[in-house]
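Student: I would like to learn how to read disulfides and pockets in a model. Can we take them one by one?

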Amino acid sequence: MARSSAYPLFLISSILFISHIYASQVEAKPPVVKGLSYSFYSKTCPKLESIVRKHLKKVFKDDNGQAPALLRIFFHDCFVQGCDGSLLLDGSPSERDQPANGGIRTEALQTIDDIRAIIHKECGRIVSCADITVLAARDSVFLTGGPDYAVPLGRRDGLSFSTSGTSDLPKPFNTTGVTLDAFAAKNFDVTDVVALSGAHTFGRAHCGTFFNRLSPLDPNMDKTLAKQLQSTCPDANSGNTANLDIRTPTVFDNKYYLDLMNRQGVFTSDQDLLNDKRTKGLVNAFALNQTLFFEKFVDATIKLSQLDVLTGNQGEIRGKCNVVNARKSLLTSVVEEVVQLVDQF
């Protein structure tokens, strides 16, 4: 009887929390960083976004696992050294070779460069790999059931990468306090963190990223899920993977938050969001209101997409996404870009 009476109380408190979010966070969309624009390529490459979306529709038809892979590449690129395409670069070792970037899919990296080749053939070398990465992430969300939204463009590609910077990436083993601190260092607030965590509503994870919850068994994990994961992952070094969202693992929706409410989050960093008083209300609110989740996810993603971007004459436009342009061709590159711009007007 006590349990049944508690649910209406929870529902009322959650509705009040949602109302508070709407009332207290009615604010303008994230400001656009100087040098970026929502219409950056409207004259020089008007078919850009349709090209990206058309290609990804074909890719996802054969391999829908690339959608979460592309979103992860976007996040891991932007969180380290800004959204400059540094994660795409080859190196000995590169950013991709660091432990925090384990499991980055080579197929998704190839997809980004395939799109780059199509776009450069259509418009010339005026669109950066960094911008293509952002657009691919946006369409990965939309084409799997998530919101459609505009993103500011005009990023330039970086000339280097940072292996040490990968240590700043939030880890799946982190408690909420540590996660919030990692994001706060880059000016993200609590709502941003809980919304961006919703990216785990699709995709898969390797055993080593959550085995800490299986041995010893985390009492905060649903017992049925624990048994399933223990069967999938006999040890931390297993090459097997598990769905991050047990309800709709290939759909971008708000079911991730329902997982958390039922103690069915996979990562420590996910499930602990329900245990921390700073984030619990947001988890409940997003579980009840998918529209609210989408709205806050879009705001946080646009904010993320503008971290420490290179614009104007900074960086370069790479001829291939995995390597910087040869230095001897820089002058030629600039001249070619100017000619392309002139030809478009």
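Student: Which hand does the disulfide of Cys-129 and Cys-321 have, and why?

Tutor: A disulfide is a covalent bond between the sulfur atoms of two cysteines. Here the torsion about the S-S bond of Cys-129 and Cys-321 is about -90°, so this disulfide is left-handed. The pair links distant parts of the chain, 192 residues apart: Cys-129 sits in helix α5 (residues 129-142), and Cys-321 in the loop between α12 and α13 (330-344). Note that the model is predicted: local features need pLDDT of at least 70, side-chain atom pairs count only at pLDDT 80 or more, and totals for chains, interfaces and linings use all residues. Residues are numbered from 1 along each chain as its sequence is written, and side-chain values use heavy atoms, with hydrogens and water left out.

Student: How is a disulfide assigned, and how many disulfides does the rule give?

Tutor: The test is a pair of cysteine sulfur atoms within 2.5 Å. By this rule there are four disulfides. Count the bonded cysteines along the chain, and the pattern is 1-4, 2-3, 5-8, 6-7.

Student: Are Cys-129 and Cys-321 buried or exposed?

Tutor: Buried means under 20% relative accessible area, exposed over 50%, and partly exposed in between (1.4 Å probe, protein chains only). Cys-129 is buried at 0%. Cys-321 is buried too, at 3%.

Student: Now the pocket. What volume does the largest pocket have?

Tutor: On a 1 Å grid over the protein atoms alone, a pocket is an open set of points with protein on both sides within 12 Å along at least five of seven lines; lining residues have an atom within 4 Å of a point. Grid points are joined across faces, edges and corners, and the volume is the space filled by probe spheres (1.4 Å) set on the points. The largest pocket has about 1,300 Å³. Of its 48 lining residues, the closest to the centre are Arg-72, His-76, His-200, Leu-244 and Phe-267.

Student: Which element gives the largest share of the lining?

Tutor: α3, with seven residues.

Definitions and conventions
Helix = DSSP H or I, 4+ residues; strand = E, 2+ residues; numbered from the N terminus.
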